[in-house]
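Please look at the sequence and the structure shown here, and keep both at hand while you read.

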Amino acid sequence: MRSPRRRLIAGLLLAPLLTGCFASGDGGSPGSGSSGSGGGSRLRVAMAFAPAENFSPYGRDAFLLAKLGVSEGLTRLDANGTVVPALAESWSSENGGRSWVFTLRDARFQDGGDVTAESVATALTHAAAAEPAPSAISGVQLTATVAGDGRVRVSTGEADPVLPLRLTNPSLAVFSPKAYDAKGAASPVGTATGPFELTKITGDTAATLERFGDYWGGRAQAAGIDAKFVSDGTARANSLRTGDVDIAETLPVAQVSSLDKGTAHETNTARNTSLYLNTRSGVFTDARLRAAAREAIDPSAVAEGVYEGYAEPAQGLYGPALTWAADKRTEPTGRAEAADPDGKTITIATFNDRPELPEVAQVLQQQLEKAGFKVKLEVRTYARLEGDLLAAEFDAAVVSRNTMLDTGDPVTLLASDYTCGGSYNLSFLCDKNVDRLVAAAQAESDPAKRQDAALTAEAAILGTDAEIPLVHLKVVTGIGTSVRGALLDPFERQLIGTGTRR
């Protein structure tokens, strides 16, 4: 039974309730190639994260586009983590796995053009040239060329047994040639292939989408989507309670008991909350002080006191949602002996788009101060935090991360998050042994051996104490009782599809 929540840092989380944020009517005019009329109500959605890069398809905003049904790539992940067709009907490897040929289905862009081998090759070439590179292909040396009528050849610098999995990443979505400007930047407005067309962006606060009538997968049942980006979790829950929205993403566990029966939906995910320690600069360049932080932290206090049963203490990088990991995990190796913190001051950063994270930081602050650290907290929205986070401006960061978000492949996570050249390496870890083990895992093509190699690398990563895993999470989505067909995705890439309606 879940116990009542203790409000640890209520002052940090207080914000005006955003009631009445959404119009209740079915307004909105159709965009080009769209069908804003002709049946189906509009969906009103409260998203947890605002676009941080004006909906650039090459960063974290790509996942917003995927969740809202705007964009798609050659392949996608199903609910079991299996790669399945999207814009590509089939694929096969050649040249010893250094290239793959994808056969395209008949599909159209939202601007009216056909999806061709040339347009797909162009889109993937732009993605590969993006700076920084999308995390799914960091270090892969991806190239794309036309392999014939309706076929695209995607090649990599070395044999890559999981390339079809990589291409499920929303940052590798396909857009029409009209999407790209002279500098290579891409606009997703009216240029994608999904069931909903992005027609209007209102800064980082709202977006309007219309049904795309020529979608290859069938006509969406909703006429369109009115999306608002509401970082305050209490406000999202309140909007669902008052009927101002139909779907509210990622609700705080503190709000679940106050929701109407049948509107809170749990999903087991591969998401962890962890404390990432900055190994590049500051206090935690010293492995002995990282060890001191690890020894000071009790993850069960986070699971029970903050997440109220919607999480469990972390077992490692790969949680119980990934059932293959449980019996294969080995103990971390090479950990340093803990040193006395001796009053050293550290700053822990986190973001309040996920409302539990500031409370997690508060719990860690108490535990670390008891061990002898002096701790300051920095709390912002993710959009305001990301730049400084990736620039190593803090000693540590409390971050929630879906370990399978980028590709569904456990090894890709290791390459992007823990290697010297990783594109989302929040601990700035650069360890020759870790890089060697990750490279060995990347070379494995047999799925079982790949998993074994990933867990060997996991042990080495945890041995550095660059990351302290705290909890494995469930995600709670608020869905109005009149809504049908919302997509509760353990990989957190999908939310609204052709069958989502009210």
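In helix 10, the residues Pro410, Val411, Leu414 and Tyr418 meet Arg450, Ala454, Ala457 and Ile461 of helix 12, where contact means heavy atoms within 4.5 Å. The residues of this contact divide into seven nonpolar, no polar and one charged; here Ala, Val, Leu, Ile, Met, Phe, Trp, Tyr, Cys and Pro count as nonpolar, Asp, Glu, Lys and Arg as charged, and the others, Gly among them, as polar. Helices (H or I, at least four residues) and strands (E, at least two) are DSSP runs, numbered from the N terminus. The model is a predicted one, in which local features need pLDDT of at least 70 and side-chain atom pairs count only at pLDDT 80 or more, while totals for chains, interfaces and linings use all residues. Residues are numbered from 1 along each chain as its sequence is written, and side-chain values use heavy atoms, with hydrogens and water left out.

Helix 10 (residues 410–418) and helix 12 (residues 447–463) pack at an angle of about 30°, and their axes are 9 Å apart; axes are lines fitted to C-alpha atoms, for helices over the stretch in contact, and angles run from 0 to 180 degrees between N-to-C directions. Helix 10 and helix 12 are therefore roughly parallel to each other, given that angles under 35 degrees count as roughly parallel, over 145 as roughly antiparallel, 65 to 115 as roughly perpendicular and the rest as oblique.

## The place of helix 11

How do helix 11 and helix 12 lie, roughly parallel or roughly antiparallel? The axes of helix 11 (residues 432–443) and helix 12 come within 8 Å and cross at roughly 170°, which makes helix 11 roughly antiparallel to helix 12. Among the residues that make this contact are Val434, Leu437 and Val438 of helix 11 and Ala453, Ala454 and Ala457 of helix 12. The residues of the contact divide into nine nonpolar, three polar and one charged.

Helix 10 and helix 11 also pack against each other, at an angle of about 150° and with their axes 9 Å apart, and they are therefore roughly antiparallel. Val411, Leu414, Ala415 and Tyr418 of helix 10 make this contact with Val434, Asp435, Val438, Ala441 and Gln442 of helix 11. These residues divide into seven nonpolar, one polar and one charged.

## Salt bridges

The count comes to 21 salt bridges, a salt bridge being a side-chain nitrogen of Lys or Arg within 4 Å of a carboxyl oxygen of Asp or Glu. One of them joins the side chains of arginine 153 and glutamate 94 (2.4 Å, N to O), and this pair links distant parts of the chain, with arginine 153 in strand 7 (residues 151–155) and glutamate 94 in strand 4 (residues 88–94), 59 residues apart. Arginine 153 is partly exposed at 26% relative accessibility, as is glutamate 94 at 28%; buried means under 20% relative accessible area, exposed over 50%, and partly exposed in between (1.4 Å probe, protein chains only).

The side chains of arginine 502 and aspartate 246 also meet in a salt bridge (3.0 Å, N to O). Arginine 502 lies in the segment after strand 17 (467–479) and aspartate 246 in the loop between helix 5 (233–241) and strand 11 (247–248), so the pair ties together parts that are 256 residues apart in sequence. Arginine 502 is partly exposed at 30% relative accessibility, whereas aspartate 246 is buried at 4%.

## Buried parts

Helix 6 (residues 287–296) is mostly covered, since seven of its 10 residues are buried, including Leu289, Arg290 and Arg294. What covers these buried residues includes strand 12 (264–277), helix 8 (356–371) and strand 17.

Glycine 224 has its place in strand 10 and counts as buried, at 0% relative accessibility. Not counting residues up to four places away in sequence, glycine 224 touches Ser41, Arg42, Leu43, Phe196, Leu209, Glu210 and Arg211. Arg42 and Glu210 are also linked, with Asp226, in a network of salt bridges.
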